[in-house]
Amino acid sequence: MNGALDGFEAVSAAKENTQLDNSLDFDDDPLSATGVSRKSLVIFFLIDTSGSMKGKKMGELNTVMEELIPEIRRVGEADTEVKVAVLTFSTDVRWMYSTPIPIEDFEWARLRANGVTSMGAAFKELSLRMSRNSFLNSPSLSFAPVIFLMTDGYPSDDYREGLKELQSNSWYKFGLKAALGIGNEANDDVLAEFTGSKDTVVHAYSGGQLAQMIKIIAVTSSQIGSKSMTLSDDTGREIGEEDVFAAKQKLLGQQIQELVGSQVEESDVPFDTGW
Amino acid sequence: MEGGRISMFNGFSHSVMGASHEKTGLVCQDSSAYKVTDHYAVAVVADGHGSKKHFRSHIGSKYAVESTIEAIERFYEDPEQFEENFPKNHKMILRNIEKQIIANWNNKVEKHLEENPVTAEEKSKFTDEEFEKILPESYYGSTLIAAVAGKKFTFGVQIGDGSLVALFDDGKAVMPMEYNESAPANVTASICNSNAATMFSSFYTDKKHIIAMYASTDGLYTSFGSEYDFLDYHTIITGQLTNLETFKQAIVNNLTKRSRYGTEDDISLSCVFDSDFLTEKESLIKEKIEENKKLAAERKAELLKKQV
């Protein structure tokens, strides 16, 4: 214990620190009722559930997302607690859960498609929730969020107005952004406006590709998002936090493009032929 | 509180070094201490910034803790007089305490620098141009959180991040600090800032009496998944304080675990409590702990409800 009853002495822990002793018996801890939280990261999935997603696209997306959860769980196993928040948008915008859920507890709720594509409204809702007073209120939150947008068509509302609001949100600015266009009608330019670069936009034209792309983006972005990057460069010079976030976003683009390029073409049926 | 309570203060403090600092060969940047007298008890923690230009911040945090206790000692030199004056003009006196802390810290830093000029090794990490831009007091930059329990009033001061948690008469764990809006949210305020005296946050009350009060560096807060858990943790600790000697090892173990499995940061926790009042409120604290457990389970169940 530092300090004393009579008089005082400020003992710097540099002098009297507690070494991390492997022999410490943590089982006797009366304070274990409130768990220890590791560094945490929130992954936001923004999913288009408009009517055009009906059928194979929605069915495939539901299946992939169910399969994906255990894979993301493995990403977080090392030293990061991953939380997931899913925002669906069609005529209305709706969160799958009322708050980000730890990946260990997360269960996918199968989505149904119906209505129009209110992407701008989704951007506004996301901006509202990406705040220390709302979805990002966990004390252990250590990394900027990963934001992954999936859509199959043009927004039916003024998405630019929503995007403008989102772009003024610091979490969005520093977050890792990626987008997936599903089928022929998804517009990569709109998606690149959202992510800030074409490198982080990919396209899936078939069920097989959809599964591959979702996994590539979700797993790669969670890996990069939860990586502690040093705030100094090779020469030991300190670099700003903004540079670190920019470096992460660039790395995400590079890795996504490399992984997408290395995918083997599958001969499954494209979404837009007969589906 | 008229006349004040007859208080029997006690306390503890501890700092653990973060696993990440151990890995990178950094020394612990945190310092902590407490002091207990018949009239007051003070708990202080400080977190040295630790980044490159704050290369002496482990010394700066130690000075921050010492400067605070010395400032409180000075204001309490005539305890009866201070107890009478403070409630009458607490805002002004609080500002004066803050200024005194800064003045003490600046004196210590100045003296240390005079006796220990910057070494060639310390300078070698910067270009001449870079080094010239750093203000000497920045070498020692640190945060500071102090919680003071008196017989008639309770107050706290803070500069930079970290937390102050208090359990007053109702047994509820709260964070009473009123944050200074002029301290920019995206910049860590520091005792080394040239306008440090204007960047303090503080709180004062003479309406409630404390059972226990805690100051902690942000390594503790960030080891929790939610603020509810963080507050509940302080209620659980308070429930253990009646057996302080037995509890001391448990808290050391727990802080070590929190640092190792949490954000790997240094953690400091300093506490003062009124042991007589705690005995009086023991069953209330136990009730609160049970109530918190129930509420935590309800929150978890609510969290897992799907909305689509």
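**Exercise 1: A helix pair**

Determine how the axes of helix α2 (residues 119-129) of chain A and helix α3 (residues 159-167) of chain A are arranged.

Solution. The two axes come within 7 Å and cross at roughly 15°; axes are lines fitted to C-alpha atoms, for helices over the stretch in contact, and angles run from 0 to 180 degrees between N-to-C directions. Helices (H or I, at least four residues) and strands (E, at least two) are DSSP runs, numbered from the N terminus. Angles under 35 degrees count as roughly parallel, and α2(A) and α3(A) are therefore roughly parallel to each other. The crossing of α2(A) past α3(A) is left-handed, that is, the near helix is turned anticlockwise from the far one by less than a right angle.

The model is predicted: local features need pLDDT of at least 70 and side-chain atom pairs count only at pLDDT 80 or more, whereas totals for chains, interfaces and linings use all residues. Residues are numbered from 1 along each chain as its sequence is written, and chains are lettered from A and ligands numbered from 1 in the order in which they are written.

**Exercise 2: The buried side of α3(A)**

Identify the buried residues of α3(A) and locate them around the axis.

Solution. A residue is buried if 20 or more other C-beta atoms lie within 10 Å of its own, with C-beta atoms placed from the backbone. In α3(A), this holds for A:Tyr159, A:Gly162, A:Leu163 and A:Leu166. They cover an arc of only 100° around the axis, so they lie on the same side of α3(A); the arc is that of the directions from the helix axis to the C-beta atoms. Their cover includes α2, α4 (170-174) and α5 (188-195) of chain A.

**Exercise 3: B:Ala46**

Why does B:Ala46 count as buried?

Solution. B:Ala46 is placed in strand β3 (residues 40-47) of chain B. It counts as buried because it has 37 C-beta neighbours inside 10 Å. Leaving aside residues up to four places away in sequence, B:Ala46 touches, among others, B:Asp30, B:Ser61, B:Val65 and B:Leu144; contact requires C-beta atoms, placed from the backbone, within 7 Å.

**Exercise 4: The two chains**

How many residues of chain A are in contact with chain B?

Solution. The contact joins 45 residues of chain A to 61 residues of chain B. On the chain A side, β1 (11-12) and β4 (93-95) each supply at least two residues.

Notes
Contact = placed C-beta atoms within 7 Å. Parallel < 35°, antiparallel > 145°, perpendicular 65-115°, else oblique. Buried ≥ 20, exposed ≤ 12 C-beta atoms within 10 Å, placed from the backbone.
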